[in-house]
Amino acid sequence: MRQRTPSLHAGAAPASTVGHAGGMPLIDVIYDGMVGEEVLRCLGELLPEVVGEAVECLEEPSTGPAEPGDIEIRFRKKSPLDVGDLDVVIEVRTKLFEHRVQDKQRRSDLIRDRLSTLPLGQIGVWLILAEGAWSQS
């Protein structure tokens, strides 16, 4: 995913006033100690494509392969003090756009379903659409 710019081709929706282009998905993966490192590496390799597909929208179309800064994935092992029965929880935070809001449940389900080939156990996906701005050097 390269720098995203609003599509200007005929029939495309104009950029929304809900958000602005140039965001990046931030992904937190919280996992149980029973999930192996090899499985987590596979998950890390799959997530950029899967999340990119799930969050693509007219206001922020994909313009090519992922580049540095297009996606950030962080892994955290559950602590003994964490409460919850899921083996893996994936939180995806990305910019709020009207087209993402319209079908956010479908997008969250898409991420969950595309990861079902991995032996992750019980998995939950939380898609968070929020206002924000991203800057990097």
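Colleague: At what angle do helix α1 and helix α3 pack, and how far apart are their axes?
Modeller: Bear in mind that this is a predicted model. Helix α1, residues 37-55, packs against helix α3, residues 104-114, at about 155 degrees, and the axes lie 9 Å apart.

Colleague: What makes α1 roughly antiparallel to α3?
Modeller: The label needs an angle over 145 degrees. The angle here is about 155 degrees, so α1 counts as roughly antiparallel to α3. The crossing of α1 past α3 is right-handed.

Colleague: Which residues make that contact?
Modeller: From α1 there are Glu49, Val50, Val51, Glu53, Ala54 and Val55, and α3 brings Arg107, Leu110, Ile111 and Arg114. Sorted by class, the contact of α1 with α3 has six nonpolar and four charged residues, with no polar ones.

Colleague: Why is Cys57 called buried?
Modeller: Buried means under 20% relative accessible area. Cys57 has 6%, so Cys57 is buried.

Colleague: And why does Cys42 count as partly exposed?
Modeller: Partly exposed is the class between buried, under 20%, and exposed, over 50%. Cys42 has 32% relative accessibility, so Cys42 falls in that class.

Colleague: What makes Gln105 exposed?
Modeller: The class starts over 50%, and Gln105 has a relative accessible area of 51%, so Gln105 is exposed. Gln105 is found in helix α3.

Colleague: How do you class Glu72, and why?
Modeller: Glu72 has a relative accessible area of 35%, which lies between 20% and 50%, so Glu72 is partly exposed. Glu72 lies in strand β2, residues 72-77. Leaving aside residues up to four places away in sequence, Glu72 touches Met24, Pro25, Leu26 and Ile27. The C-alpha atoms of Glu72 and Pro48 are 8.7 Å apart, for residues 24 apart along the chain.

Colleague: In what order do the elements of the protein chain run?
Modeller: From the N terminus on, the order is β-α-β-β-α-α-β, with three helices and four strands in the protein chain. Of its 137 residues, 36% count as buried. Among contacts with a separation of 6 or more, 86% come from residues 24 or more positions apart.

Terms used: Residues numbered from 1 in each chain as written. Predicted model: local features only at pLDDT ≥ 70, side-chain atom pairs only at ≥ 80, totals over all residues. Heavy atoms only, no water. Buried < 20%, exposed > 50% of the residue type's maximum accessible area, 1.4 Å probe, protein only. Axes fitted to C-alpha atoms, helices over the stretch in contact; angles between N-to-C directions. Helix = DSSP H or I, 4+ residues; strand = E, 2+ residues; numbered from the N terminus. Parallel < 35°, antiparallel > 145°, perpendicular 65-115°, else oblique. Left-handed = near helix turned anticlockwise from the far one by under 90°. Contact = heavy atoms within 4.5 Å. Nonpolar A, V, L, I, M, F, W, Y, C, P; charged D, E, K, R; others polar.
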